[in-house]
Amino acid sequence: MDRTSPVPLYFQLAQQLEAAIERGTLTPGSLLGNEIELAGRLGLSRPTVRQAIQSLVDKGLLVRRRGVGTQVVHSQVKRPLELSSLYDDLEAAGQRPATIVLRNAIEPASAEVAAALGVVEGGNVQLVERLRYAHGEPMAMLRNHLPAGLFDCDTERLEATGLYRMMRAAGITLHSARQSVGARAATSLEAELLTEQTGAPVLTMERVTFDDTGRAVEFGSHLYRASRYAFEFQLLVRP
């Protein structure tokens with residue numbers, strides 16, 4: 001700790017703990033010990049340690065468990081904004097993705113879905129709703145509409161792999177997408193499925209994906225736990 005720095009000590013401690021979690025020095029499930037022990041070991045006041053821990057609890061990197069203590073959880077998933085699937089991104093990050101299919105059915109296209117997919121309103125579209133897990137924790141609720149008959153949308157396969165992998169295996173070449181990202185509060189049902197509190201912040205993402213012929217092949221409307229998930233942007237300076 002640099003006591004001569006204008007950076008508050010609690011923030012310095014929080015940064016060091018976060019870096020240790022990201023490096024894997026502090027592994028998921030490990031205990032930090034109680035605030036009194038940490039304060040004594042680091043030569044800091046208890047309020048300073050408490051503030052540092054609380055900032056990481058707020059970020060979803062630590063959790064306080066009654067009868068257990070302060071425990072490290074899995075680091076936040078940071079996903080680049082590019083045309084990739086959540087399944088592939090989680091697998092590439094070593095996050096062990098898993099899926100539960102909540103619904104897989106044919107339904108009439110609403111006006112919004114019809115406009116996104118370029119189909120007739122009221123015509124049949126495939127609806128797929130899934131709950132995506134990483135390391136046994138729910139990460140996102142995925143709601144996708146597809147043109148009916150696009151490919152064999154088998155529930156068992158949907159729970160074993162990613163939607164984009166299934167589309168590519170069916171000979172569909174994904175080319176581009178139009179996407180928007182936002183945020184809102186979770187409803188009681190969403191919070192229950194995502195193991196969050198009602199009203200907790202969730203990230204939203206809507207995406208229309210096109211194949212190499214310009215045909216819309218997917219309209220996704222997804223929710224992500226803000227405590228466990230973030231989108232990353234790469235910004236370039238315009239010449």
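This is a predicted model: local features need pLDDT of at least 70, side-chain atom pairs count only at pLDDT 80 or more; totals for chains, interfaces and linings use all residues.
How do the residues of the lining of the largest pocket divide into nonpolar, polar and charged?

Reply: The lining of the largest pocket divides into seven nonpolar, seven polar and seven charged residues. In total, 21 residues line this pocket, and the space within it comes to about 460 Å³. Nearest the centre of the largest pocket lie Val63, Val73, Glu137, Thr195 and Arg225.

Several elements contribute to this lining. The helix α3 (46–58) and the strands β1 (62–65) and β2 (69–72) each supply at least two residues. Of the contributing elements, β1 gives the most, with four residues.

Two of these elements also have a part in the setting of another helix. Both α3 and β1 are included in what covers the buried residues of α2. That helix spans residues 35–42, and Glu35, Leu38 and Ala39 are buried in it. These three lie on the same side of α2 because they cover an arc of only 100 degrees around the axis. On the face of α2 turned away from the buried side, the exposed residues are Ile36, Gly40 and Arg41. Just after α2 comes Gly43, which takes a positive phi of about 70 degrees.

The second largest pocket may be set beside the first. Its space is about 270 Å³, and its lining consists of 16 residues. Met141, Arg143, Glu190, Ser221 and Leu223 are the lining residues nearest the centre of the second largest pocket. By class, this lining has seven nonpolar, three polar and six charged residues. At least two residues each come from β5 (124–134), β6 (137–147), α8 (188–194), β8 (201–211) and β9 (216–225).

One further feature concerns aromatic rings. A pair of such rings is described by the distance of the centres and the angle of the planes. A search of the whole structure finds one aromatic pair. Tyr10 and Phe11 form this pair, with 6.3 Å from centre to centre and 80 degrees between the planes, an edge-to-face arrangement. Tyr10 has a relative accessible area of 24% and is therefore partly exposed. Phe11, with a relative accessible area of 38%, is likewise partly exposed.

How values were computed:
Residues are numbered from 1 along each chain as its sequence is written. Side-chain values use heavy atoms; hydrogens and water are left out. On a 1 Å grid over the protein atoms alone, a cavity is a set of points where a 1.4 Å probe fits but cannot get out, and a pocket is an open set with protein on both sides within 12 Å along at least five of seven lines; lining residues have an atom within 4 Å of a point. Grid points are joined across faces, edges and corners, and a volume is the space filled by probe spheres set on the points. Ala, Val, Leu, Ile, Met, Phe, Trp, Tyr, Cys and Pro count as nonpolar, Asp, Glu, Lys and Arg as charged, and the others, Gly among them, as polar. Buried means under 20% relative accessible area, exposed over 50%, partly exposed in between (1.4 Å probe, protein chains only). The arc is that of the directions from the helix axis to the C-beta atoms. Contact means heavy atoms within 4.5 Å. Rings of Phe, Tyr and Trp (its six-membered ring) pair if their centres lie within 6.5 Å; planes under 30 degrees apart count as stacked, over 60 as edge-to-face and the rest as tilted.
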